[in-house]
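Student: I am new to this structure, and I would like to go through its charged pairs and its surface with you, one step at a time.

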Amino acid sequence: MRSLIDLELENANLSGLIPASIGNLKNLSYLYLHLNALSGFIPTSIGNLTNLIELLLQCNKLQGSIPWELGKLQSLHQLRLFDNSLSGFIPEEMNNLTRLEDFEVSENYLIGHLPQQVCLGGVLESFTAHDNYFTGPIPKSLKNCTSLYRVRLEHNQLIGNVSEDFGIYPNLVYLDLSGNKLIGELSSRWGQCHNLTSLRISNNNLSGELPSELGKATQLRVCDLSLNHLTGGIPKALGELKLLFNLMLNANHLSGSIPPEMGMLSSLVHLNLAANNLNGSIPIWLRQCENLLELNLSVNRLSGGIPSEVGSLSFLQILDLSQNFLIGKIPKAVGNLKTLGKLNLSHNKLFGFIPSTFDDMLSLTSVDVSDNQLEGPLPDNKAFREASFEAFRNNKGLCGNITGLEVCSSKLSRNVDRKKNSKIVIATVVPILFTLLLVFVVFWILSSSKRRERNTENTPRVVASDSLFEICNYDDKMYENIVEATEEFDSKYCIGVGGYGTVYKAELSDGQIVAVKKLHPLPEGGVGDQKAFNSEIRALTEIRHHNILKLYGFCSHPQHLILVYEFLEGGSLEKILRIDEQAMEFDWIKRVNVVKGMANAVAYMHHDCSPPMVHRDISSKNILLDSEYEAHVADFGAARFHKPDSSNWTSFKGTFGYTAPELAYTMQVNEKCDVFSFGVVTLETLMGRHPGDMVSFLSSSVSSLTPSRSSSATFNHLLLKALLDQRLPSPREQIAAEVVFVVKLASLCLHATPQSRPSMQQVSQELSTRNPPSVKQFHTITISQLFDSSCYTS
């Protein structure tokens, strides 16, 4: 044992104390005891292990102080003590560790100063000390530490001047200094950190203006400078940050208008400019930020009306425009935000009725329109029915069945109904023209498929079939049947809301249960997205596969665009993974079979359709399961036929977290985008949750065939079994081999270079024909070993 060089006992269910005798292993170079339940003190005898290169004790229950004897380990490259219960000061002797590349002591109870010479050797890459009780200055040696890759010092009580304590870091990817007591102005030097993807310095005492040079940090994805004392305007140069998806500048003293250049930030998902002194109007170019999930412009001095273009932000979940000087009526288009969960328009000068389009905002859970000049009845919507009086107080004359409000008079209700009916009449002519064109297109497709020709009157198509339905254009009687079955599309029948429409469960007069998708109305007032409607009909008319959801028919009615599908009892993959009881029934064999079914469907679209079809929105919410857990790909509203000899440029479609990374800088879509999305959903199926940062880690790992340096501290030694859904027992024997193979295959689908991803035909064939070799010691396989099968196959 004294000659032992490498001792790796991570994630081995160890408990109790680390024995002092470990100090007798004088030749030890690698000591891994992380991810256990070890308690007590770190033995001082570890200081005798002078050959030690890596000491990993993180994620245990260790207590007491860091022994000064660790300062004798001058060969140490990696020291990880994070996520324990260590207390006291960091010994002065730690400044002797000049070869340190990783120094990670976060999530403990440490006090005092950080070691000032932590980067004396100039090789420090990862320095994390967040969530402790450190005081005192930023280490002096960090200013010229150009090797830095990741720095996390947030949630301490550090002092210092950010203008003076930091330099230029060509390799820096992640910086978080939030929640300290730092002062000073943001330096223009941050614009020279060309690899910086995340800059977080929120909740400090920064002052001065935002430097326009920040726009040169073109890799920036996250910028959080909230809760400071920044002044001046928002620089136009921020519009150059094309990859930015999270911009938080709230709770500062910024002034001026929101620059139009920010309309170029098409990747934005979260935009929070609240609690500043911004003026001017809400810019209409916000519609270009079509991927926004959160828009918070509250507590400013914005004036004018709410632009109807806000209604085109179809993925929006949070909209807060409260405490401004907004005036005018609430646009009907706001009611098109079908995924909106929180709406706050309070403390403005809005007047008129709340639009009836709000009735269909089924995802809405929180609403506040207080302190305006609104009148008339509240929308017939669950969020409005269940809100308290505080959400409606201090208006001109709102009425409804809310304690504190007057009950609406029957005359007022009749006036509202009359207005609704007149809008329906006005909206009839254009949809009828669309219907005639659509009928002509569909019948052309049907005749080209050698189906029986019918005239183009709006009558039901009679088909000889064992099923009640074929793909056909239903008449008014069928439409009335659907309306009756759903009680005029009552929310209690709603089983899902997507980017293009709301899905209802309907039991028809003959007892057959179907799924009915009613497309969302357009912001301009149309009955629905005719382009998505046509795309879905065309796609599902030309393809037939048992792993693709079957379209029974459609109805282009003056009031609604409707698609009728087979109803699948299992619901979406997303829902099954979210609900613990269902997830525990969803065993490994079923999950692997779902992956195979997905692969077969997408391979069919890419390789057996002519021309090939690209789905563009493969996600867990668009994978539906039947009672036998057979996968069916659904929602073809974004699908496009791919023409190999054309450029195939298009607007962004898809679901964030699943879209291929190249779509951040190009809108050229091909089948490799679906391959990437398939890889994400496959990992989600096995992990039981969205893979999050694991996607970028695996993407860079397969691209270089070595673990990503940016994430190695987090994922490199992570066990595969810890990655999988913990609600299920670990897979065993042959199914364990299949799970390993599926994870490896999914990782290859995440390659950063689209051309290097496998085709879905290759994926489908591999899953169908490959008999993966059995694995030995499944519980010891790490992510870093995943691509070296000699480490785990027998």
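Student: How many salt bridges does a search of the whole structure find?

Tutor: Please keep in mind that this is a predicted model. In general, side chains of opposite charge can pair when their charged atoms come close. When the whole structure is searched for such salt bridges, the number found is 13.

Student: How many residues apart in sequence are the parts that Lys517 and Asp635 tie together?

Tutor: Lys517 and Asp635 form a salt bridge in which the closest N and O atoms are 3.3 Å apart. Lys517 belongs to strand β35 (residues 513-519), whereas Asp635 sits in the loop between β41 (631-633) and β42 (640-641), so the parts they tie together are separated in sequence by 118 residues.

Student: Is Asp725 buried or exposed?

Tutor: Asp725 makes a salt bridge with Arg727, with 2.9 Å between the closest N and O atoms, and both belong to a network of salt bridges that also links Asp580 and Arg591. Arg727 is partly exposed, at a relative accessible area of 24%. The relative accessibility of Asp725 is 4%, and because buried means under 20%, Asp725 counts as buried.

Student: Which residues form a nonpolar patch on the surface with Tyr109?

Tutor: Tyr109, which lies in strand β10 (residues 109-112), counts as partly exposed because its relative accessibility is 46%. The patch has about 440 Å² of accessible area together, and the residues that form it with Tyr109 are Phe89, Ile111 and Tyr133.

Definitions and conventions:
Residues are numbered from 1 along each chain as its sequence is written. This is a predicted model: local features need pLDDT of at least 70, side-chain atom pairs count only at pLDDT 80 or more; totals for chains, interfaces and linings use all residues. Side-chain values use heavy atoms; hydrogens and water are left out. Patches are made of residues with over 30% relative accessible area and no salt bridge: like charges are joined within 9 Å, nonpolar side chains (Val, Leu, Ile, Met, Phe, Trp, Tyr) within 5 Å. Accessible areas come from the Shrake-Rupley method with a 1.4 Å probe; for residues, only the protein chains shown count as cover. A salt bridge is a side-chain nitrogen of Lys or Arg within 4 Å of a carboxyl oxygen of Asp or Glu. Helices (H or I, at least four residues) and strands (E, at least two) are DSSP runs, numbered from the N terminus. Buried means under 20% relative accessible area, exposed over 50%, partly exposed in between (1.4 Å probe, protein chains only).
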